[in-house]
Amino acid sequence: MDQQPPTAFDLELLGSWADSHTHRVQLALKLKGLPFEYQEEDPLRPSPAVLLHNPVYGSLPVLLHRGRAVLHSVVILQYLDETWPRGRLLLPSDPCDRAAARFWSHFADDKLAPSVAAVFSSCPGDGRKAAVEQVHQNLKLLEREMGGGGAFEGRRFFGGDEIGLLDVVLGCGSYWLAVFEEAMEVKLVDPEAFPRFHAWLRDFEEQREVRETIPPIDKLLEYANAVRQMMLGGTADDNVAVN
Amino acid sequence: MVAAAAEVKLLGMWASPSVRRVEWGLQMKGIEYEYVEEDLANKSAALLRHNPVHKQVPVLLHGDRAVTDSLLILEYIDETWLGMPLLPRDPYRRASARFWAKFAEENCREATKKAFFERGEERSEAIEQLREQLQRLDEELEGKKFFGGVEIGFADLAVGWMAFWLGVSEEVAGFTVVDAKKLPRFAEWMDDFLRVPVIRDNLPPREKTVEFFRYYRDQQLAAAAAAAK
């Protein structure tokens, strides 16, 4: 493969095309107008470069800036804000709003994402019902925060008029909600139960930079199904409808 | 934006490392605050109102705002009171501090919890994991007195629970992971960290903490055994 000339900003991103954490960084770089080189990696078989720059976790994404590694998508997004403070910022300026954006980003990664993953690996029946209920509980908390008295009341996006850190964090992962809904035939984001979250997600998905970053949903669906087959031991005939 | 001069209150619990971590930060920055002890068996209306998602301490109340999650509270106070910065100024060093804070808070805590509460293979695996994690921390201290460099900073406050509460866990649950011969830099860091006045003067009494953790562990194990029947 030809070596691309280094960009003026010396940014290289090691990531995986289907990984939502990689999407977060790609979207952030696009929103900030920062050019970067992209290196596709296999998340299951980390290359020597990944192991060199992320010896503790061996995970993706890895952002290299002038050869130095910045790890963890939420840390990377803040690094970008702090390194290019005169460009478009992802975090709000008020410390309390910043704390809220970080808090709900952690919630997305520590509570919401695992609960969605649990649905994905659940078996039809009571297990799946309980897993779906857990996702709904988590979405309820978020929905409430977007309503009267909540931290994000009355906003178009979590970041205000434009998408910010929390939009990027939640939005990139939320694609998987749609993918799983189709793969598993479960309703995770019912527009009647979660009208604000649903409206926000549709709005987010319409943004030009988002459409240019997130891969087509049919490709993600194909990928999700393949992963699920692998997880379930590759048995055929797994298309059991949810009861 | 809340004026820095507005009243600051911290809802906490005396034995909690996450709460102490916030107190260390507040005291390092010279911020005056009122401390409110919570009875976690009987959580106050204030706690439940201000942290409805996790219902945990610490909660920082600043004027009419509430901030939860100890590491987020530290970032909040760093951004609101600009003197005596906890995080370094350089973006790369900030990213590094956040990385190690996450490592200590998520991976090390998780492994310590398992080593503390689990039995059998799960416990031995957790102990092994913890040893590897401590090795990483030891390596990170190469050429530095503290994670923050010459003085303690955000990363030290994040890892700091290990300087005191890890020993308590080892004693109560009967395992050993801190081997000064294998982790010379980490062992030295523990001593140096505990000697910093703001830390030294802000720790719970050791015997009382050991007693509390012993009681807490016995309770949890009994509950788990009852649930298994």
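Which residue forms a salt bridge with A:Glu212, and how far apart are the closest N and O atoms?

1. **The A:Glu212 pair.** The partner is A:Lys30, and the closest N and O atoms of the two residues are 3.2 Å apart. A:Glu212 has 43% relative accessibility and so counts as partly exposed. A:Lys30, at 35%, is likewise classed as partly exposed.

2. **Confidence.** Please keep in mind that this is a predicted model. The predictor assigns the complex an ipTM of 0.94 and a pTM of 0.93. For chain B the mean pLDDT is 95, with 100% of the residues at 70 or more.

3. **A salt bridge inside one helix.** A:Arg202 and A:Glu205 form a salt bridge whose closest N and O atoms are 3.1 Å apart. Both residues belong to helix H7 (residues 195-206) of chain A, and they are three residues apart, about one turn of the helix.

4. **A salt bridge between helices of chain B.** The side chains of B:Arg21 and B:Glu105 meet in a salt bridge, with 2.8 Å from N to O. B:Arg21 is in helix H1 (residues 17-28) and B:Glu105 in helix H4 (residues 91-117) of chain B, so the pair ties together parts that are 84 residues apart in sequence. B:Arg21 counts as buried because its relative accessibility is 1%, while B:Glu105, at 22%, counts as partly exposed.

5. **The network and the total.** Residues of both chains take part in one network of salt bridges: A:Glu82, A:Arg98 and A:Arg102 are linked with B:Glu75, B:Glu79, B:Arg94 and B:Arg98. Over all chains, the count of salt bridges comes to 34.

6. **Strand E3 of chain A.**

7. **The neighbours of E3(A).** Strand E1 (residues 11-15) of chain A runs antiparallel to E3(A), and four bridges join them. E3(A) is also joined by four bridges to strand E4 (residues 68-71) of chain A, again antiparallel. A:Val62 takes part in both pairings: A:Val62 is the bridge partner of A:Leu14 and stands opposite A:Leu71 in E4(A). E3(A) and E4(A) make a hairpin with two residues between them, and A:Arg66 in the turn has a positive phi of about 50°.

8. **A pocket in the helical part.** The second largest pocket has a volume of about 860 Å³. Its lining comprises 30 residues, and those nearest its centre are A:Asp19, A:Ser20, A:Ala117, A:Trp176 and A:Phe180. H1, helix H4 (95-120), H6 and helix H9 (217-231) of chain A each supply at least two lining residues. Which helix gives the most to this lining? That is H4(A), with eight residues.

9. **An exposed loop glycine.** A:Gly149 is found in the loop between helix H5 (126-145) and helix H6 (165-184) of chain A. With a relative accessible area of 73%, A:Gly149 is exposed. A:Pro124 is 25 residues from A:Gly149 in sequence, and their C-alpha atoms are 37 Å apart in space.

10. **Annotated regions.** An unreviewed UniProt entry places "domain: GST C-terminal" at residues 94-227 of chain A. In the model, residues 94-227 of chain A are 71% helix and 0% strand, with the end C-alpha atoms 41 Å apart. For chain B, the UniProt annotation "coiled-coil region", also from an unreviewed entry, covers residues 117-147. Residues 117-147 of chain B are 71% helix and 0% strand, and their end C-alpha atoms are 29 Å apart.

Note on methods. Residues are numbered from 1 along each chain as its sequence is written. Chains are lettered from A and ligands numbered from 1 in the order in which they are written. This is a predicted model: local features need pLDDT of at least 70, side-chain atom pairs count only at pLDDT 80 or more; totals for chains, interfaces and linings use all residues. Side-chain values use heavy atoms; hydrogens and water are left out. UniProt positions are given in the numbering used here, feature names are shortened, and annotations may be inferred rather than shown by experiment. pLDDT is the predictor's confidence in each residue, from 0 to 100. A salt bridge is a side-chain nitrogen of Lys or Arg within 4 Å of a carboxyl oxygen of Asp or Glu. Buried means under 20% relative accessible area, exposed over 50%, partly exposed in between (1.4 Å probe, protein chains only). Two strands pair if DSSP finds at least two bridges between them. On a 1 Å grid over the protein atoms alone, a cavity is a set of points where a 1.4 Å probe fits but cannot get out, and a pocket is an open set with protein on both sides within 12 Å along at least five of seven lines; lining residues have an atom within 4 Å of a point. Grid points are joined across faces, edges and corners, and a volume is the space filled by probe spheres set on the points.
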